[in-house]
Amino acid sequence: MPTAVVLHAGAQPHPLLCGLAAAVAWPAVRAARRRYAAGALGESRGSRPVLGDWLVLLGVLAVLRTAFGETVPASFALAGLAWAPLLTAVCRKVTYHRLIAARREAQAVRRVLVIGEPGAADHVVGHLAARTEHAYVVVGVVPVGGAKLECGAPVTERLGVLDPAGPRDDAVVVLRAAREHSAEMVLVAPGARLSAERLRRLSWCLHDEGLPVALLPGLVDVQVRRVSLDAPAGLVVLHIAPPVTRGVQVGLKAAFDRIGAAFGLLLLAPLFCVVAATIRITSPGPAFHRQVRCGQHRTPFTMWKFRTMVADAEARKAELERTGANEHDGLMFKMRRDPRVTAVGRLLRRCSLDELPQLVNVLRGEMSLVGPRPPLPEEVDRYDEVALRRLAVKPGITGLWQVSGRSDLSWDETLALDLRYVDNWSLAGDLEVMSRTLRAVLDGRGAY
């Protein structure tokens, strides 16, 4: 009991009783806030819920402290309780990774029956099949109408195009399919042929039979924290909060970037000298490579990196592109064994040390510590309207791309990660990405 140990070391009264009270209160607070519920346990590794629970714990213990007349100083109480959020955050992260590993083996999942028009059902099934970190596995589809389904999911029943004559006609079909596939939940993809009244009657019948129903609003990559519900005149309305573009979080991010970059440059100055000298000694040319990149709102800036290629790498790039050497399927040029990369450069890329001079760009306000990677102007010239949205925020030294596979990702995967970041970024999310960056660097996957 860390609390009792801290209080005993500080010669505070009743250390065991206080420690026992804290040990009982902490899981009680988390249980009251449904942190151990089947639908919540292991589903997130974020630290914000843990911090919120800890603040509630402090309030509960403050009330108990006053009620029982304890005289433990606040400093000792806080020191004794600091273990709670730290250990819980570690446990949450471990539980999260174990849950994700289990889902990759099709364990700890819910068997889902999808209902919808064939096009909408194909989209839902394909989207769920593309990722494995979620709890849903599609076991069957009940299409509306007779059109062909392209996703390959099992189809044993179909709903008619027109509203049914009887109030239970749709439910009989869906329940029969659910029993056939042992489905645990019905997931509805609304469409023109699934009217509000039809869905209402269907949900009544399914709920009466104890089968949960969920409705897809058609949104993609919108975090739950941005969604709120309203019901004007009985209509269910989803309110989507806009991405954070101003306010306290933006100011804190800018301050954190500048302060972090300044400290990083001071602490890493000796390493910079060693790396720069090694580059100069092992290959002709400058130690640093400067390149024009596009920043926020397409603003050009000069990005700094340690040179990892031969001095005439840019001139040789056009020749490699003509010969079809590009191994990336999108607008970026990537090769696993690029002949322009030097031996020292390969090591720097493997450890991501070549990116460190970009701390100068962060200090100057041209980049952020976390964000999408800054593209080349010629790449941006070929962007469509969707891809241009990745330039709505400052580019970063690290980001979701860095911690999710780097160059092993396809262009579509890279773009999807960048758009998810742009729409859903938060300061807490940036801190999580930075904590995951170290593991990605040590792993080295996709670094070439």
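A residue is called buried when its relative accessible area is under 20%, exposed when that value is over 50%, and partly exposed in between, with a 1.4 Å probe and protein chains only as cover. At 38%, arginine 389 therefore counts as partly exposed. The structure is a predicted model, in which local features need pLDDT of at least 70 and side-chain atom pairs count only at pLDDT 80 or more, while totals for chains, interfaces and linings use all residues. Residues are numbered from 1 along each chain as its sequence is written, and side-chain values use heavy atoms, leaving out hydrogens and water.

The sheet is described next. Helices (H or I, at least four residues) and strands (E, at least two) are DSSP runs numbered from the N terminus, and two strands pair if DSSP finds at least two bridges between them. In general, the strands of a sheet pair through backbone hydrogen bonds, either parallel or antiparallel. Here, 4 strands form an open sheet with parallel pairing, in the order β2-β1-β3-β4. Strands β2 (136-143) and β4 (213-215) stand at the edges with a single partner strand each, so one side of each lacks a neighbour in the sheet. From one strand to the next, the twist averages 30°; axes are lines fitted to C-alpha atoms, for helices over the stretch in contact, and angles run from 0 to 180 degrees between N-to-C directions. Strand β3 (residues 185-189) pairs with β4 in the parallel sense over 3 bridges. Leucine 187 has alanine 214, in β4, as its bridge partner.

Helix α6 (residues 118-130) touches β1 (110-116), β2 and β3, and its direction makes about 170° with that of β2. Helix α8 (residues 196-208) touches β1, β3 and β4, and its direction makes about 150° with that of β4.

Salt bridges come next. Side chains of opposite charge can pair when their charged atoms come close. A salt bridge is a side-chain nitrogen of Lys or Arg within 4 Å of a carboxyl oxygen of Asp or Glu, and the whole structure contains 19 of them. In one, aspartate 53 meets arginine 33, with the closest N and O atoms 2.8 Å apart. Aspartate 53 lies in helix α3 (residues 48-68) and arginine 33 in the loop between α2 (15-32) and α3, 20 residues apart. Aspartate 53 is buried, because its relative accessible area is 0%, whereas arginine 33 is partly exposed at 36%.

A further salt bridge joins lysine 253 and aspartate 430, whose closest N and O atoms are 2.5 Å apart. Since lysine 253 belongs to helix α9 and aspartate 430 to helix α16 (residues 427-443), the pair ties together parts that are 177 residues apart in sequence. Both lysine 253 and aspartate 430 are buried.

Arginine 389 forms a salt bridge with aspartate 423 (2.9 Å, N to O). Aspartate 423 is in helix α15 (residues 411-424), and arginine 389 is in the loop between α14 (385-388) and β10 (396-398), 34 residues away. Aspartate 423 is partly exposed, because its relative accessible area is 22%.

Helix α9 (residues 248-282) also holds alanine 262, which is partly exposed at 29% relative accessibility. The C-alpha atoms of alanine 262 and leucine 363 are separated by 6.5 Å, although these residues are 101 residues apart along the chain.

Notes:
Contact means heavy atoms within 4.5 Å.
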